[in-house]
Amino acid sequence: MICNFWWGSTTDQRKMHWLKWSKVCTQKRNGRLGFRDLRAFNEALLAKQGWRLITKPTSLVAQVLKAKYFPNESFLNAKHKQVMSYTWRSIMQASWVIKRGSYWSIGDGDDINIWEDNWMQQKGATYKGRPKPNNLNLTKVKELMDSNYNEWNIDIINQVFLPYEAQMILNIHIIDKTQPDMLTRDCTQDGQYSVKSGYHAIMEWGNLPNASPSNNSQHIWNVLWKLQVPPKHSHLLWRVLHNALPVKNNLFKRGVRCDPLCPRCSNSMETIHHVFLDCEWAKQTWFASALTLNLGQNQLTDFYDWINYMINNTNKECIEKITAIIYGIWYARNVLVFQGKNLPPQEISSTALNQLQEYQTHGREQHIQDPQVRRNGCSNDISWSPPPRGTLKVNVDAHLSSDGHWSTGLVLRRSDGSTVGVATRTHNGSADVVTGEAMGLMDAI
Ligand SMILES: [Zn+2]
(Lines give C-alpha, C1' and ligand atoms only; values in the text may rest on other atoms or scores of the structure.)
Protein backbone atom coordinates (compact mmCIF):
# COMPACT_ATOMS: atom_id res chain seq x y z
CA MET A 1 0.00 0.00 0.00
CA ILE A 2 2.84 2.39 0.93
CA CYS A 3 4.64 1.40 -2.24
CA ASN A 4 1.58 2.15 -4.39
CA PHE A 5 1.21 5.54 -2.74
CA TRP A 6 4.86 6.45 -3.29
CA TRP A 7 4.94 5.55 -6.96
CA GLY A 8 1.52 7.18 -7.54
CA SER A 9 -0.78 4.17 -8.11
CA THR A 10 -4.51 4.53 -7.45
CA THR A 11 -7.33 1.97 -7.35
CA ASP A 12 -8.00 2.69 -11.04
CA GLN A 13 -4.49 3.04 -12.30
CA ARG A 14 -1.34 1.07 -11.58
CA LYS A 15 1.87 3.09 -11.93
CA MET A 16 5.33 1.70 -12.56
CA HIS A 17 7.40 0.80 -9.46
CA TRP A 18 10.88 1.88 -10.43
CA LEU A 19 12.80 0.22 -7.60
CA LYS A 20 12.44 -2.92 -5.48
CA TRP A 21 10.66 -2.46 -2.15
CA SER A 22 13.69 -3.73 -0.24
CA LYS A 23 15.80 -0.98 -1.80
CA VAL A 24 13.31 1.75 -0.91
CA CYS A 25 13.28 0.53 2.71
CA THR A 26 17.04 0.60 3.25
CA GLN A 27 18.32 3.40 5.46
CA LYS A 28 18.80 6.86 4.02
CA ARG A 29 22.52 6.94 4.70
CA ASN A 30 22.86 3.98 2.33
CA GLY A 31 21.16 5.90 -0.43
CA ARG A 32 17.58 4.72 -0.05
CA LEU A 33 14.45 6.39 1.25
CA GLY A 34 14.28 4.83 4.72
CA PHE A 35 10.67 3.66 4.44
CA ARG A 36 9.63 1.28 7.19
CA ASP A 37 9.62 -2.40 6.29
CA LEU A 38 6.63 -3.72 8.23
CA ARG A 39 7.80 -7.35 8.26
CA ALA A 40 11.12 -6.33 9.84
CA PHE A 41 9.36 -3.95 12.22
CA ASN A 42 7.05 -6.77 13.36
CA GLU A 43 10.06 -9.02 13.97
CA ALA A 44 11.75 -6.26 15.98
CA LEU A 45 8.59 -5.96 18.13
CA LEU A 46 8.50 -9.73 18.70
CA ALA A 47 12.20 -9.68 19.70
CA LYS A 48 11.25 -7.08 22.32
CA GLN A 49 8.85 -9.62 23.83
CA GLY A 50 11.71 -12.14 23.87
CA TRP A 51 13.98 -9.59 25.56
CA ARG A 52 11.35 -9.12 28.29
CA LEU A 53 11.23 -12.88 28.91
CA ILE A 54 14.99 -12.78 29.59
CA THR A 55 15.21 -9.56 31.59
CA LYS A 56 11.95 -9.96 33.56
CA PRO A 57 11.94 -13.69 34.33
CA THR A 58 9.57 -13.27 37.29
CA SER A 59 6.73 -11.81 35.20
CA LEU A 60 3.70 -14.08 34.91
CA VAL A 61 3.99 -14.50 31.16
CA ALA A 62 7.70 -15.37 31.42
CA GLN A 63 7.01 -17.99 34.08
CA VAL A 64 4.14 -19.58 32.14
CA LEU A 65 6.10 -19.75 28.87
CA LYS A 66 9.22 -21.08 30.61
CA ALA A 67 7.26 -23.82 32.39
CA LYS A 68 5.66 -24.86 29.13
CA TYR A 69 8.37 -24.49 26.51
CA PHE A 70 11.86 -24.20 28.02
CA PRO A 71 11.82 -25.49 31.63
CA ASN A 72 15.46 -26.64 31.59
CA GLU A 73 17.21 -24.07 29.43
CA SER A 74 17.22 -20.33 28.76
CA PHE A 75 14.91 -18.57 26.31
CA LEU A 76 17.75 -18.10 23.81
CA ASN A 77 18.50 -21.83 23.85
CA ALA A 78 14.85 -22.98 23.75
CA LYS A 79 14.26 -25.81 21.24
CA HIS A 80 11.42 -26.25 18.77
CA LYS A 81 8.56 -28.42 19.98
CA GLN A 82 5.96 -30.36 18.01
CA VAL A 83 3.10 -28.34 19.42
CA MET A 84 3.62 -24.62 19.98
CA SER A 85 1.16 -21.74 20.26
CA TYR A 86 1.24 -19.15 17.49
CA THR A 87 2.44 -16.47 19.93
CA TRP A 88 5.30 -18.56 21.28
CA ARG A 89 6.37 -19.69 17.82
CA SER A 90 6.49 -16.06 16.65
CA ILE A 91 8.51 -14.84 19.66
CA MET A 92 10.91 -17.77 19.37
CA GLN A 93 11.48 -17.21 15.68
CA ALA A 94 12.48 -13.61 16.42
CA SER A 95 15.05 -14.68 19.05
CA TRP A 96 17.82 -14.60 16.41
CA VAL A 97 17.61 -10.80 16.50
CA ILE A 98 18.57 -10.86 20.20
CA LYS A 99 21.21 -13.59 19.80
CA ARG A 100 23.00 -11.83 17.01
CA GLY A 101 23.21 -8.35 18.49
CA SER A 102 23.69 -9.01 22.24
CA TYR A 103 26.27 -10.39 24.64
CA TRP A 104 26.29 -11.42 28.29
CA SER A 105 27.83 -9.20 30.94
CA ILE A 106 29.23 -11.51 33.61
CA GLY A 107 27.70 -11.62 37.08
CA ASP A 108 27.44 -14.99 38.86
CA GLY A 109 27.85 -16.85 35.54
CA ASP A 110 24.89 -19.06 36.32
CA ASP A 111 22.71 -18.07 33.35
CA ILE A 112 25.39 -18.36 30.69
CA ASN A 113 26.13 -21.51 28.76
CA ILE A 114 29.86 -21.61 27.95
CA TRP A 115 29.38 -23.26 24.56
CA GLU A 116 26.09 -21.84 23.27
CA ASP A 117 25.84 -18.25 24.51
CA ASN A 118 27.62 -15.14 23.34
CA TRP A 119 29.79 -13.98 26.23
CA MET A 120 33.41 -14.41 25.20
CA GLN A 121 33.22 -11.63 22.65
CA GLN A 122 31.76 -8.75 24.59
CA LYS A 123 31.48 -6.17 21.81
CA GLY A 124 30.65 -6.56 18.13
CA ALA A 125 28.61 -9.61 19.06
CA THR A 126 29.15 -12.07 16.25
CA TYR A 127 30.02 -15.17 18.26
CA LYS A 128 28.18 -18.24 16.97
CA GLY A 129 28.86 -20.80 19.69
CA ARG A 130 31.12 -23.83 19.50
CA PRO A 131 30.68 -27.57 20.06
CA LYS A 132 31.29 -28.73 23.60
CA PRO A 133 34.32 -31.03 23.84
CA ASN A 134 33.20 -34.60 24.70
CA ASN A 135 35.61 -35.07 27.58
CA LEU A 136 34.46 -31.96 29.48
CA ASN A 137 31.77 -31.58 32.08
CA LEU A 138 31.88 -27.80 32.18
CA THR A 139 28.65 -26.14 31.05
CA LYS A 140 28.10 -22.84 32.87
CA VAL A 141 30.42 -19.85 32.91
CA LYS A 142 30.20 -19.93 36.70
CA GLU A 143 32.34 -23.10 36.63
CA LEU A 144 35.22 -21.06 35.17
CA MET A 145 35.33 -18.70 38.15
CA ASP A 146 37.32 -18.78 41.33
CA SER A 147 35.09 -20.18 44.07
CA ASN A 148 36.09 -17.54 46.62
CA TYR A 149 37.01 -14.35 44.82
CA ASN A 150 35.49 -12.12 42.16
CA GLU A 151 37.98 -13.51 39.63
CA TRP A 152 38.46 -16.08 36.89
CA ASN A 153 39.98 -19.48 37.64
CA ILE A 154 43.08 -19.02 35.49
CA ASP A 155 44.20 -22.68 35.71
CA ILE A 156 40.93 -24.10 34.37
CA ILE A 157 40.70 -21.47 31.64
CA ASN A 158 44.25 -22.13 30.45
CA GLN A 159 43.56 -25.88 30.39
CA VAL A 160 40.30 -25.70 28.47
CA PHE A 161 40.75 -22.88 25.97
CA LEU A 162 43.20 -22.00 23.26
CA PRO A 163 45.65 -19.26 24.31
CA TYR A 164 43.89 -16.43 22.42
CA GLU A 165 40.50 -17.50 23.79
CA ALA A 166 41.91 -17.71 27.31
CA GLN A 167 43.27 -14.19 26.91
CA MET A 168 39.86 -12.94 25.71
CA ILE A 169 38.18 -14.45 28.77
CA LEU A 170 40.74 -13.11 31.24
CA ASN A 171 40.20 -9.63 29.80
CA ILE A 172 36.48 -9.79 30.62
CA HIS A 173 35.58 -7.99 33.80
CA ILE A 174 33.45 -9.98 36.24
CA ILE A 175 31.03 -7.33 37.41
CA ASP A 176 29.78 -8.84 40.65
CA LYS A 177 29.56 -12.53 41.52
CA THR A 178 26.66 -11.92 43.87
CA GLN A 179 24.47 -10.52 41.07
CA PRO A 180 22.81 -12.39 38.19
CA ASP A 181 24.27 -12.16 34.67
CA MET A 182 22.93 -9.45 32.45
CA LEU A 183 22.17 -9.63 28.75
CA THR A 184 23.51 -6.48 27.09
CA ARG A 185 22.54 -5.04 23.73
CA ASP A 186 25.58 -4.24 21.67
CA CYS A 187 24.43 -1.19 19.76
CA THR A 188 22.43 0.86 22.29
CA GLN A 189 23.73 3.38 24.82
CA ASP A 190 22.10 1.77 27.86
CA GLY A 191 22.66 -1.83 26.71
CA GLN A 192 18.93 -2.47 26.61
CA TYR A 193 17.15 -3.77 23.54
CA SER A 194 14.94 -1.23 21.81
CA VAL A 195 12.58 -1.88 18.90
CA LYS A 196 14.41 0.82 16.95
CA SER A 197 17.81 -0.84 17.42
CA GLY A 198 16.36 -4.24 16.51
CA TYR A 199 14.70 -2.85 13.40
CA HIS A 200 17.84 -1.12 12.14
CA ALA A 201 19.91 -4.23 12.84
CA ILE A 202 17.48 -6.45 10.90
CA MET A 203 17.55 -4.08 7.95
CA GLU A 204 21.34 -3.91 8.05
CA TRP A 205 21.85 -7.67 8.33
CA GLY A 206 19.16 -8.28 5.72
CA ASN A 207 21.17 -6.23 3.27
CA LEU A 208 24.52 -7.82 4.07
CA PRO A 209 24.45 -10.35 1.21
CA ASN A 210 24.13 -7.49 -1.25
CA ALA A 211 27.22 -5.51 -1.96
CA SER A 212 27.41 -3.01 0.83
CA PRO A 213 27.45 0.56 -0.42
CA SER A 214 30.93 1.96 -0.73
CA ASN A 215 32.06 4.83 1.45
CA ASN A 216 32.05 6.93 -1.64
CA SER A 217 28.36 6.37 -2.38
CA GLN A 218 27.52 6.78 1.32
CA HIS A 219 29.19 10.16 1.10
CA ILE A 220 26.83 11.17 -1.73
CA TRP A 221 23.76 10.24 0.31
CA ASN A 222 25.08 11.95 3.41
CA VAL A 223 25.40 15.14 1.40
CA LEU A 224 22.09 14.73 -0.41
CA TRP A 225 19.90 14.25 2.67
CA LYS A 226 21.49 17.21 4.47
CA LEU A 227 20.90 19.74 1.71
CA GLN A 228 18.66 22.64 2.62
CA VAL A 229 16.41 22.24 -0.42
CA PRO A 230 12.68 21.55 -0.92
CA PRO A 231 12.12 17.80 -0.36
CA LYS A 232 10.70 17.47 -3.87
CA HIS A 233 14.10 18.58 -5.22
CA SER A 234 16.14 16.08 -3.21
CA HIS A 235 13.70 13.24 -3.93
CA LEU A 236 13.89 13.95 -7.64
CA LEU A 237 17.69 13.82 -7.48
CA TRP A 238 17.42 10.55 -5.55
CA ARG A 239 15.31 9.11 -8.39
CA VAL A 240 17.67 10.44 -11.03
CA LEU A 241 20.66 8.80 -9.30
CA HIS A 242 18.81 5.48 -9.17
CA ASN A 243 17.78 5.71 -12.81
CA ALA A 244 14.21 5.51 -11.51
CA LEU A 245 12.68 8.15 -13.78
CA PRO A 246 10.33 7.59 -16.76
CA VAL A 247 12.65 8.95 -19.43
CA LYS A 248 11.72 7.53 -22.84
CA ASN A 249 14.61 5.08 -23.00
CA ASN A 250 13.70 3.58 -19.61
CA LEU A 251 10.05 3.20 -20.63
CA PHE A 252 11.10 1.62 -23.92
CA LYS A 253 13.36 -0.87 -22.09
CA ARG A 254 10.45 -1.82 -19.84
CA GLY A 255 8.30 -2.70 -22.81
CA VAL A 256 6.27 0.51 -23.14
CA ARG A 257 5.62 1.24 -26.81
CA CYS A 258 7.10 4.68 -27.37
CA ASP A 259 9.73 6.52 -29.34
CA PRO A 260 12.92 6.28 -27.20
CA LEU A 261 14.50 9.38 -28.76
CA CYS A 262 14.86 12.74 -26.96
CA PRO A 263 11.59 14.67 -27.56
CA ARG A 264 13.57 17.90 -27.71
CA CYS A 265 16.41 17.22 -30.15
CA SER A 266 15.69 13.70 -31.50
CA ASN A 267 19.46 13.29 -31.85
CA SER A 268 19.93 10.69 -29.15
CA MET A 269 18.11 8.22 -26.89
CA GLU A 270 16.39 10.00 -24.05
CA THR A 271 18.44 8.66 -21.12
CA ILE A 272 18.95 10.31 -17.74
CA HIS A 273 22.40 11.44 -18.80
CA HIS A 274 21.04 12.94 -22.01
CA VAL A 275 18.13 14.82 -20.42
CA PHE A 276 20.17 16.45 -17.67
CA LEU A 277 23.64 16.84 -19.14
CA ASP A 278 24.06 15.90 -22.76
CA CYS A 279 21.09 17.45 -24.60
CA GLU A 280 22.00 20.77 -26.18
CA TRP A 281 19.04 22.39 -24.42
CA ALA A 282 20.27 21.11 -21.02
CA LYS A 283 23.75 22.48 -21.70
CA GLN A 284 22.25 25.89 -22.48
CA THR A 285 20.25 25.76 -19.22
CA TRP A 286 23.36 25.06 -17.14
CA PHE A 287 25.30 27.79 -18.89
CA ALA A 288 22.47 30.34 -18.55
CA SER A 289 22.13 29.61 -14.83
CA ALA A 290 23.75 31.57 -12.02
CA LEU A 291 26.40 28.80 -11.89
CA THR A 292 27.44 29.43 -15.53
CA LEU A 293 28.42 25.79 -15.92
CA ASN A 294 29.93 24.98 -19.28
CA LEU A 295 29.24 21.29 -19.96
CA GLY A 296 30.56 21.50 -23.52
CA GLN A 297 33.83 19.87 -22.45
CA ASN A 298 32.22 17.42 -20.04
CA GLN A 299 34.22 14.17 -20.11
CA LEU A 300 31.97 12.28 -17.71
CA THR A 301 29.50 10.07 -19.53
CA ASP A 302 27.46 9.04 -16.52
CA PHE A 303 25.20 11.29 -14.46
CA TYR A 304 26.14 9.56 -11.19
CA ASP A 305 29.86 10.16 -11.83
CA TRP A 306 29.15 13.78 -12.64
CA ILE A 307 27.25 14.41 -9.38
CA ASN A 308 29.95 12.60 -7.47
CA TYR A 309 32.56 14.82 -9.09
CA MET A 310 30.57 17.99 -8.31
CA ILE A 311 30.03 16.95 -4.67
CA ASN A 312 33.75 16.39 -4.22
CA ASN A 313 34.83 19.56 -5.98
CA THR A 314 32.26 22.20 -5.03
CA ASN A 315 30.50 23.28 -1.86
CA LYS A 316 27.07 22.62 -0.34
CA GLU A 317 25.52 25.83 -1.72
CA CYS A 318 26.57 24.86 -5.23
CA ILE A 319 25.06 21.36 -4.90
CA GLU A 320 21.82 22.92 -3.62
CA LYS A 321 21.65 25.07 -6.75
CA ILE A 322 22.44 22.07 -8.96
CA THR A 323 19.60 20.14 -7.29
CA ALA A 324 17.20 23.02 -8.02
CA ILE A 325 18.28 23.27 -11.68
CA ILE A 326 17.85 19.49 -12.11
CA TYR A 327 14.32 19.90 -10.84
CA GLY A 328 13.77 22.78 -13.28
CA ILE A 329 15.08 20.76 -16.23
CA TRP A 330 12.76 17.86 -15.44
CA TYR A 331 9.82 20.22 -14.99
CA ALA A 332 10.51 21.85 -18.37
CA ARG A 333 10.90 18.45 -20.04
CA ASN A 334 7.44 17.42 -18.76
CA VAL A 335 5.91 20.74 -19.89
CA LEU A 336 7.29 19.99 -23.36
CA VAL A 337 6.13 16.35 -23.46
CA PHE A 338 2.67 16.81 -21.94
CA GLN A 339 1.74 20.39 -22.90
CA GLY A 340 3.82 20.90 -26.05
CA LYS A 341 5.34 24.13 -24.63
CA ASN A 342 9.01 24.93 -25.09
CA LEU A 343 10.33 26.94 -22.13
CA PRO A 344 13.48 29.05 -22.65
CA PRO A 345 16.60 27.75 -20.77
CA GLN A 346 17.31 31.00 -18.89
CA GLU A 347 13.77 31.06 -17.50
CA ILE A 348 14.11 27.50 -16.17
CA SER A 349 17.21 28.10 -14.10
CA SER A 350 16.02 31.44 -12.68
CA THR A 351 12.61 29.99 -11.65
CA ALA A 352 14.31 26.98 -10.05
CA LEU A 353 16.81 29.11 -8.13
CA ASN A 354 14.06 31.49 -6.95
CA GLN A 355 12.14 28.52 -5.56
CA LEU A 356 15.27 27.41 -3.73
CA GLN A 357 15.92 30.85 -2.31
CA GLU A 358 12.33 31.18 -1.10
CA TYR A 359 12.55 27.83 0.65
CA GLN A 360 15.87 28.67 2.30
CA THR A 361 14.77 32.16 3.44
CA HIS A 362 11.59 30.74 4.96
CA GLY A 363 13.60 27.99 6.70
CA ARG A 364 16.06 30.55 8.11
CA GLU A 365 13.24 32.72 9.50
CA GLN A 366 11.81 29.72 11.33
CA HIS A 367 15.24 28.94 12.69
CA ILE A 368 15.68 32.44 14.11
CA GLN A 369 12.22 32.43 15.68
CA ASP A 370 12.83 29.14 17.46
CA PRO A 371 15.04 29.81 20.49
CA GLN A 372 15.15 26.07 21.27
CA VAL A 373 17.11 25.48 18.09
CA ARG A 374 19.61 28.15 19.05
CA ARG A 375 20.04 26.72 22.51
CA ASN A 376 20.64 23.24 21.12
CA GLY A 377 23.14 24.71 18.71
CA CYS A 378 25.29 25.80 21.65
CA SER A 379 25.00 22.55 23.57
CA ASN A 380 28.64 21.62 22.88
CA ASP A 381 29.83 24.49 24.99
CA ILE A 382 30.47 22.44 28.13
CA SER A 383 32.81 23.81 30.79
CA TRP A 384 33.59 22.95 34.38
CA SER A 385 31.20 24.44 36.91
CA PRO A 386 32.10 24.74 40.60
CA PRO A 387 30.21 22.82 43.30
CA PRO A 388 28.14 24.68 45.99
CA ARG A 389 30.17 26.34 48.78
CA GLY A 390 31.40 23.95 51.47
CA THR A 391 31.29 20.90 49.16
CA LEU A 392 33.86 19.21 46.92
CA LYS A 393 33.53 18.02 43.34
CA VAL A 394 35.29 15.05 41.77
CA ASN A 395 35.73 14.70 38.00
CA VAL A 396 36.67 11.34 36.53
CA ASP A 397 37.83 10.10 33.16
CA ALA A 398 39.07 6.79 31.76
CA HIS A 399 41.46 6.22 28.90
CA LEU A 400 42.29 3.03 27.02
CA SER A 401 46.05 2.85 26.58
CA SER A 402 47.68 1.19 23.57
CA ASP A 403 48.77 -1.88 25.62
CA GLY A 404 45.12 -2.71 26.42
CA HIS A 405 45.04 -1.33 29.98
CA TRP A 406 42.56 1.18 31.28
CA SER A 407 44.01 4.22 32.98
CA THR A 408 41.62 6.20 35.13
CA GLY A 409 42.24 9.67 36.43
CA LEU A 410 40.38 11.80 38.89
CA VAL A 411 40.64 15.30 40.30
CA LEU A 412 38.99 16.64 43.45
CA ARG A 413 38.29 20.39 43.63
CA ARG A 414 36.76 22.95 45.98
CA SER A 415 34.05 25.45 45.10
CA ASP A 416 36.67 28.14 44.33
CA GLY A 417 38.28 25.81 41.76
CA SER A 418 41.39 25.03 43.82
CA THR A 419 42.55 21.39 43.73
CA VAL A 420 42.45 19.15 46.81
CA GLY A 421 44.14 16.22 45.11
CA VAL A 422 44.55 14.11 41.99
CA ALA A 423 45.02 10.37 41.49
CA THR A 424 45.49 7.90 38.66
CA ARG A 425 45.14 4.11 38.52
CA THR A 426 45.68 1.36 35.98
CA HIS A 427 43.30 -1.56 35.44
CA ASN A 428 43.51 -4.75 33.43
CA GLY A 429 41.04 -3.86 30.79
CA SER A 430 38.24 -4.99 28.69
CA ALA A 431 37.82 -2.98 25.51
CA ASP A 432 34.45 -1.77 26.72
CA VAL A 433 34.33 2.02 27.17
CA VAL A 434 31.40 1.93 29.60
CA THR A 435 33.22 -0.55 31.84
CA GLY A 436 36.35 1.63 31.74
CA GLU A 437 34.39 4.73 32.75
CA ALA A 438 32.59 2.74 35.44
CA MET A 439 35.94 1.62 36.92
CA GLY A 440 36.95 5.29 37.05
CA LEU A 441 33.80 6.14 38.97
CA MET A 442 34.40 3.23 41.34
CA ASP A 443 37.93 4.52 42.05
CA ALA A 444 36.52 7.97 42.75
CA ILE A 445 34.01 6.58 45.28
ZN1 LIG B 1 18.06 16.07 -26.59
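Predicted model: local features only at pLDDT ≥ 70, side-chain atom pairs only at ≥ 80, totals over all residues.
Leaving out residues up to four places away in sequence, Ile-329 touches Val-275, Phe-276, Ala-282, Thr-285 and Ile-348.

Now extend the selection to the largest nonpolar core, which has 30 residues. Ile-329 is among the members that touch the most others, together with Val-240, Val-275, Phe-276, Ala-282, Ile-325 and Ile-326. Colour by helix: at least two residues of this core come from each of α10 (215-226), α11, α13 (272-278), α14 (280-288), α15 (303-313), α16 (316-339) and α17 (345-369). Helix α16 gives the largest share, 9 residues. Apart from this core lies another, of 21 residues; to find it, select Ala-47, Leu-76, Ala-78 and Ala-94, which are among its members.

Next, select helix α11, residues 231-241. Which of its residues are buried? They are His-233, Leu-236, Leu-237 and Val-240. These four lie on the same side of α11, because they cover an arc of only 100 degrees around the axis. After the helix comes Asn-243, with a positive phi near 55 degrees.

- from α11, Lys-232, His-233, Ser-234, Leu-236, Leu-237 and Val-240;
- from α16, Thr-323, Ala-324, Ile-326, Tyr-327 and Trp-330.

Coloured by residue class, the contact of α11 with α16 shows 7 nonpolar, 3 polar and 1 charged.

Move on to Leu-353, in helix α17. Is Leu-353 buried or partly exposed? Leu-353 has 18 other C-beta atoms within 10 Å, and is therefore partly exposed; a buried residue would need 20 or more. Neighbours within four places in sequence aside, Leu-353 is in contact with Ala-290, Lys-321 and Ala-324. Of these, Ala-324 also belongs to the contact of α16 with α11. Then draw a C-alpha to C-alpha distance from Leu-353 to Ile-325: the two are 7.0 Å apart in space and 28 residues apart in sequence.

Finally, zoom out to the whole chain. Its secondary structure comes to 19 helices and 5 strands. Of the 445 residues in the chain, 24% are buried. Counting contacts between residues at least 6 apart in sequence, 58% join residues at least 24 apart.

How values were computed
Residues numbered from 1 in each chain as written. Buried ≥ 20, exposed ≤ 12 C-beta atoms within 10 Å, placed from the backbone. Arc of directions from axis to C-beta. Core = buried A, V, L, I, M, F, W, Y, C linked by C-beta atoms within 7 Å. Contact = placed C-beta atoms within 7 Å. Nonpolar A, V, L, I, M, F, W, Y, C, P; charged D, E, K, R; others polar.
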